[in-house]
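Q: Please take me through this model one feature at a time, giving the general idea before each case.

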Amino acid sequence: MTKLFPDHDDRLLVDAVKSGNKDSFALLVAKYRESVIRICRGYVGSYEDAEDLAQEVFVELFRSISKFRGDSRFSTWLYRLAVNKSLNYLRYHKKRFRVYRSSESAGEESLINSPGEAESDAPVVESDHRRALREALDKLPENQRTAFILNKYEELPYNDVAAVMATTLSTVESLIFRARQNLQKYLSDYYEKNIRG
Amino acid sequence: MNCKDTHRNIFDYLDGVLDEHGTTEMESHLALCSDCSSRVSFIRSGLDVISVDRRVEPDSEFIGSVMSGIQSAGRVISLRERFISVASAAAIVLVAVFAGTNLGRLATSGQNSEGTVLYAEDVYFEPIESFFLLNDQE
Ligand SMILES: [Zn+2]
């Protein structure tokens with residue numbers, strides 16, 4: 001399991017950014033970009049969208065870094081920002097996704113795999129797996145989904161997931177338990193509806 | 001173990017958290033039931049997508065793009081837009097070369113060429129509402 005990064009160096013970098021050192025900010029971006037892209041990808045699916053969203057997370061981070069008082073670890077704070085940004089993105093695009101889904105039966109290309117992404121050339125069966133997972137994740141309630149994504153995409157242990165979500169360990173255990181139950185059902189339903197002969 | 005029990009235990013089985021007895025029962029059923037076997041295999045591959053998606057190779061422009069975003073009042077030029085900009089610049093160069101080599105002909109024919117302006121799609125940007133507040137209720 002990936003642990004949240006040690007905080008000492010981050011605080012030095014954050015202090016330097018607060019006093020106007022942009023090179024220190026670039027170091028923070030370099031250190032955390034992969035984690036932030038992974039978290040965003042758990043929500044949006046497409047790699048390109050996740051990368052664009054991650055850039056916005058870092059710009060937002062720069063804008064609001066003066067508000068970081070050090071009450072929590074820096075990485076906790078940043079991951080929470082990535083979660084919020086991703087949820088805002090999904091809420092904003094919900095209508096668009098819904099419109100798209102209603103036209104899916106017409107055989108149009110999926111927004112789940114953005115054009116040009118490697119998967120679009122993959123065998124149909126691989127696209128089915130991807131689509132099944134994406135649809136299943138999309139159906140989860142936000143808090144189950146967040147707990148699952150932080151644990152599975154970023155491989156944060158439960159206590160770190162609890163820190164990012166500002167909740168207790170037992171709540172996270174329960175959220176992930178329910179997320180797994182639901183995903184099992186949704187993936188099974190997908191199999192019955194689309195794969196089983 | 002019947003089909004219904006199998007369906008209920010797929011995630012535990014795939015995560016290796018079923019006890020020894022449960023695992024043996026599950027595997028005996030999967031050996032005999034092609035439908036459950038195919039269902040388990042489909043779900044396993046679905047979950048494998050997560051491992052694929054965890055592999056991240058940020059674009060070499062990523063940090064540069066963020067740094068220009070913070071210089072320009074939060075307007076992030078997405079990597080896709082950057083690609084469009086580079087492609088547009090290349091197109092402009094090609095058009096300029098073409099126009100240069102055909103200047104005489106264009107001048108004599110009295111035609112004006114109009115530049116085409118490409119508008120990249122606007123990137124969604126919205127200030128964060130507030131930090132994530134967990135709602136335990138669903
Ligand atoms: Zn069966």
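Q: How does A:Arg63 count at 41% relative accessibility: buried, partly exposed or exposed?

A: A:Arg63, because its relative accessibility is 41%, counts as partly exposed. Please keep in mind that this is a predicted model, in which local features need pLDDT of at least 70 and side-chain atom pairs count only at pLDDT 80 or more, while totals for chains, interfaces and linings use all residues. Residues are numbered from 1 along each chain as its sequence is written, chains are lettered from A and ligands numbered from 1 in the order in which they are written, and side-chain values use heavy atoms, with hydrogens and water left out.

Q: With which residue does A:Glu60 form a salt bridge?

A: A salt bridge is a side-chain nitrogen of Lys or Arg within 4 Å of a carboxyl oxygen of Asp or Glu. The partner of A:Glu60 is A:Arg63, and the closest N and O atoms of this pair are 3.9 Å apart. Both residues belong to helix α3 (residues 47-64) of chain A, and because they are three residues apart there, about one helical turn separates them. Helices (H or I, at least four residues) and strands (E, at least two) are DSSP runs, numbered from the N terminus. Whereas A:Arg63 is partly exposed, A:Glu60 counts as buried because its relative accessibility is 5%.

Q: Where do the partners B:Asp15 and A:Arg180 lie?

A: The side chains of B:Asp15 and A:Arg180 meet in a salt bridge at 2.5 Å, N to O. B:Asp15 sits in the loop between α2 (10-14) and α3 (20-32) of chain B, and A:Arg180 sits in helix α8 (residues 169-195) of chain A, so this pair joins two chains. B:Asp15 is partly exposed at 38% relative accessibility, while A:Arg180, with a relative accessible area of 13%, is buried.

Q: Which residues are linked in a network of salt bridges?

A: Such a network links A:Glu192, A:Arg196, B:Asp35 and B:Arg39. Within it, B:Arg39 pairs with B:Asp35, their closest N and O atoms being 3.6 Å apart, and both of these residues are buried. They are four residues apart in helix α4 (residues 34-54) of chain B, which means that about one helical turn separates them. Over all chains, the count comes to 18 salt bridges by this rule.

Q: How many salt bridges are counted between domain 1 of chain A and domain 2 of chain A?

A: Domain bounds come from an automatic or database domain assignment, which here divides chain A into domain 1 (1-87) and domain 2 (126-197). The contact takes 18 residues from domain 1 of chain A and 19 residues from domain 2 of chain A, contact meaning heavy atoms within 4.5 Å. The count between the two domains is two salt bridges. On the side of domain 1 of chain A that touches domain 2 of chain A, the elements giving two or more residues are α2 and α4 (74-102) of chain A, and α2(A) gives the most, with seven residues. A further salt bridge to look at in chain A joins the side chains of A:Glu154 and A:Arg38 at 2.8 Å, N to O.

Q: Which residues does A:Val29 touch, leaving out those up to four places away in sequence?

A: A:Val29, which lies in helix α2 (residues 22-44) of chain A, touches A:Phe58, B:Phe62, B:Ile63 and B:Val66 on that count. A:Val29 counts as buried because its relative accessibility is 0%.

Technical notes: Buried < 20%, exposed > 50% of the residue type's maximum accessible area, 1.4 Å probe, protein only.
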